[in-house]
Amino acid sequence: MKDLGQVASLARHVFAELPSALVEEVLSASADLGPALLHSLEDLRERRSTLREALRATGLLSQDREFPYLPPPTTCGIDGSYAIERLLGSDLVACAAVAVEGLTPPSETRHWPEPRHRTLVRILPHAAETGTLIRAIMLAFELELALEAPHGVVFLDGSLTTPLIHLNQAANTLARAPDHPLGAELSRLAPAFLRHYEAVLAGART
């Protein structure tokens, strides 16, 4: 009970800017979560033997010594961001994608040369379409880095459909605003965007 009191006190501090009635409603509802979680864990514990036998019967359960040794793959993570600062007479627009390498074994000899990032910064006239276009450019940068990465595992933010959704939105936006200053940049990146996206979906490295 002491721990629950500390959690409630912390929650009230974190949610200090929210309406008190909303906070109290959330906290009161959370009191029922503990028993529900405990019940689900107890249910799994009771069914543990049955579940294990079912896995063993399907051949999905084995021991690690039955598998050949595979060296751990090298990894990297790629993410991007964009921002639009609306100034008095124009918009300051920027986007970037960056790759960060994970831990690599001492025997690793592959080298990924710099730069491992892509950026774009522009001063543009005010336009409602800018956010859609700069986001697609950011994703094009991310996919480009993903294909350049000499690693066995590449982590990308978002779902597998995220790039296609945002490229489609950007294409529809350009159809309505063909003279947007970012249109030429996106058109230049679009063919490589699709090739890189296809390669990611194919998953040849796996």
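His180 sits in the loop between α6 and α7. Is His180 buried or exposed? With a relative accessibility of 8%, His180 counts as buried (buried is under 20% relative accessible area, exposed over 50%, partly exposed in between, with a 1.4 Å probe and protein chains only).

Quick housekeeping. This is a predicted model, where local features need pLDDT of at least 70, side-chain atom pairs count only at pLDDT 80 or more, and totals for chains, interfaces and linings use all residues. Residues are numbered from 1 along each chain as its sequence is written, and side-chain values use heavy atoms, with hydrogens and water left out. When I say helix or strand, I mean DSSP runs numbered from the N terminus: H or I with at least four residues for helices, E with at least two for strands.

Now the sheet. It's an open one of 4 strands in the order β3-β2-β1-β4, and the pairing is mixed; two strands pair if DSSP finds at least two bridges between them. β3 (117-124) and β4 (153-156) are at the edges with a single partner strand each, so one side of each has no neighbour in the sheet. On average, neighbouring strands here are turned by 10 degrees against each other, direction ignored.

How many bridges join β2 to β3? There are 8, and these two strands run antiparallel. Cys95 is opposite Leu120 in β3. In the loop between β2 and β3 you'll find Pro115, and a cis peptide bond joins Glu114 and Pro115, with omega at about 0 degrees.

Let's stay with Leu120, which is in strand β3. Leu120 counts as buried, at 4% relative accessibility. Apart from neighbours within four places in sequence, Leu120 is in contact with residues including Val93, Ala94, Ile134, Ile137 and Phe141. The C-alpha atoms of Leu120 and Ile134 are 8.9 Å apart, with the two residues 14 apart along the chain.

On to the helices. Two packed helices are described by the angle between their axes and the distance between the axes. The axes are lines fitted to C-alpha atoms, for helices over the stretch in contact, and angles run from 0 to 180 degrees between N-to-C directions.

α5 (residues 130-148) and α7 have axes that come within 9 Å and cross at roughly 45 degrees. That makes α5 oblique to α7 (under 35 degrees is roughly parallel, over 145 roughly antiparallel, 65 to 115 roughly perpendicular, the rest oblique). The contact involves, among others, Leu133, Ile137 and Phe141 of α5 and Leu186, Phe193 and Tyr197 of α7. By class, that contact has 14 nonpolar, 1 polar and 2 charged residues (Ala, Val, Leu, Ile, Met, Phe, Trp, Tyr, Cys and Pro are nonpolar, Asp, Glu, Lys and Arg charged, and the others, Gly among them, polar).

And the last pair: α6 (residues 162-176) and α7 (residues 183-202) pack at about 150 degrees, with axes 11 Å apart. So α6 and α7 are roughly antiparallel to each other. On the α6 side, the contact includes Pro163, Leu167 and Leu174; on the α7 side, Leu186, Phe193 and Tyr197 are among the residues. Here the classes come to 9 nonpolar, 2 polar and no charged residues.

Notes:
Contact = heavy atoms within 4.5 Å.
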